[in-house]
Amino acid sequence: MAALAHHHRVLLSFTSFATPRTHLPCASSSPPPTHARLRGARVLRHASGGGGSSSAAPVSSSSLEELSRSCTTWSWRGMRVNYLVRGEGPPVLLVHGFGASVAHWRRNIGVLSESNTVYAIDLLGFGASDKPAGFSYTMETWAELILEFLDEVVKRPTVLVGNSVGSLACVIAASDSTRDLVRGLVLLNCSGGMNNKAIVDDWRIKLLLPLLWLIDFLLKQKSIASALFGRVKERHNLKNILMSVYGNKDAVDDELVEIIRGPADTEGALDAFVSTVTGPPGPSPIALMPRIKIPVLVLWGDEDPFTPIDGPVGKYFSGLPSELPNVRLYMLEGVGHCPHDDRPDLVHEKLLPWLASLPSAAEPEVAVA
């Protein structure tokens, strides 16, 4: 019963963590009015003002204002998608997890851009990307977005780096890619689905399935969903949720809270949250990984309450290197669900040499006018 109570708390935290739609309003390709820029600058300075940096992870991080200035937009099927590009070298695309955005890579972009062209994207429904009314969010849609972004924007074979549901979107994209768009895959605590309904093999989820169905029903009631959304957006509630997700508590600073909380008041955020939590879980990474032949690096925080290492997905990935020769796995001790922000030093220690070891990709042909 104690284990069930703990998992129930984790489930509610997971639902809550997904709530805030995402991060800061990044600059679009056309500059905003002066009053909007000034207002945005005040918000960014406020967000950067509190909370100390982690003593366990002395990694320089990009300020929210820096990240905002580096962002632009790409039009995908008539919808605006926010993204950042920085640095030179082989391209890497960073794909955030549930409830996060470009800014969640604040501790990684600077380091990675020293030797790579770093792209980071806000998936549709998150961050500063559009949240279209009535849109049904699915894992497959996000994977299609990633592949078309590589094809239209990056235009070179790219290493995909994803966290949580971002990892799963990258797995789907890599398994579906028939155009040599993906040359490597990095998974940071890959989720088993868009929501907990995917993990039906976990006895803890089986016990909670009636509760999951009830949550789905309640969230489809606009007034109830709006009330829940409002409670979770409160800073102290959100900080408590993040503290339960991170192993390194020092990394949960005021800036992180603002990164997750900031866009929750934007139009379409509530609908995106409800659609994601109540929608189909999508393909399982367990079914997709055997199709992937490119190099894969798996980094897993061993204190993850959402995708625990002793759960079905965690157990599968922990045994994968013995089954697939293209997969390398490292367990990160004392790290939670978001290793790249929780302990970026440990992630960079494994990621940078792995990226450097990849065979160089052929450069695309340049058309002659």
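Residues are numbered from 1 along each chain as its sequence is written, and side-chain values use heavy atoms, with hydrogens and water left out. Because the model is predicted, local features need pLDDT of at least 70 and side-chain atom pairs count only at pLDDT 80 or more, while totals for chains, interfaces and linings use all residues.

**Whole chain**

Start with everything shown as a cartoon. The protein has 15 helices and eight strands; these are DSSP runs (helices H or I, at least four residues; strands E, at least two), numbered from the N terminus. Of its 369 residues, 56% count as buried. Buried means under 20% relative accessible area, exposed means over 50%, and partly exposed is in between (1.4 Å probe, protein chains only). Among contacts (heavy atoms within 4.5 Å) between residues at least 6 apart in sequence, 80% join residues at least 24 apart.

**The cores**

Select Met 289 and Phe 317. These two have the most contacts inside the largest nonpolar core, which has 57 residues. Helix 5 (residues 139-154) supplies the largest share of this core, ten residues. A nonpolar core is a set of buried Ala, Val, Leu, Ile, Met, Phe, Trp, Tyr and Cys residues joined through side-chain atoms within 4.5 Å. In soluble globular proteins, nonpolar side chains tend to be buried together.

Keep Phe 317 and show what surrounds it. Leaving aside neighbours within four places in sequence, Phe 317 is in contact with Leu 187, Cys 190, Pro 285, Met 289, Val 298, Trp 300 and Leu 329.

**Aromatic residues**

Next, select Phe 98, Phe 126, Phe 135, Tyr 137 and Trp 142, which form one aromatic cluster. The structure holds nine aromatic pairs. Rings of Phe, Tyr and Trp (its six-membered ring) pair if their centres lie within 6.5 Å; planes under 30 degrees apart count as stacked, over 60 as edge-to-face and the rest as tilted. Zoom in on Tyr 137 and Trp 142: the ring centres are 6.2 Å apart and the planes are at 35°, so the pair is tilted. Tyr 137 is buried at a relative accessible area of 2%, and Trp 142 is also buried, at 1%.

**Helix 6**

Select residues 165-176. The end C-alpha atoms of helix 6 are 16 Å apart, in agreement with the 16 Å that its twelve residues should span at 1.5 Å a residue. The expected span of a helix is 1.5 Å times one less than its number of residues. Eleven of the twelve residues are buried, so helix 6 is largely enclosed by the rest of the structure. Its buried residues pack against strand 3 (91-95), helix 5, strand 5 (158-164), strand 6 (182-190) and helix 12 (285-288).

**Helices 9 and 10**

Move to helix 9 (residues 235-245) and helix 10 (residues 254-261), whose axes come within 10 Å and cross at roughly 105°. Axes are lines fitted to C-alpha atoms, for helices over the stretch in contact, and angles run from 0 to 180 degrees between N-to-C directions. The two helices are therefore roughly perpendicular to each other (angles of 65 to 115 degrees). At the crossing, Arg 235, Leu 238, Lys 239 and Leu 242 of helix 9 meet Asp 254, Leu 256, Val 257, Glu 258, Ile 260 and Arg 261 of helix 10. Helix 10 is mostly covered, with seven of its eight residues buried; Glu 255 and Ile 259 are among them.

**Loops**

Select Gly 282, in the loop between helix 11 (269-278) and helix 12. Gly 282 counts as partly exposed, at 28% relative accessibility. Beyond its neighbours within four places in sequence, Gly 282 is in contact with Met 139 and Glu 140. Glu 140 is 142 residues away from Gly 282 in sequence, yet the C-alpha to C-alpha distance is 7.0 Å.

Arg 77 is in the loop between strand 1 (71-76) and strand 2 (79-86). Lys 155 is in the loop between helix 5 and strand 5, and is exposed at 54% relative accessibility.

**Helix 15**

Finish at residues 344-357. Helix 15 has 14 residues and reaches 20 Å from first C-alpha to last, close to the 20 Å expected at 1.5 Å a residue. Its buried residues include Val 347, His 348, Leu 351, Trp 354 and Leu 355.

Technical notes: Angles under 35 degrees count as roughly parallel, over 145 as roughly antiparallel, 65 to 115 as roughly perpendicular and the rest as oblique.
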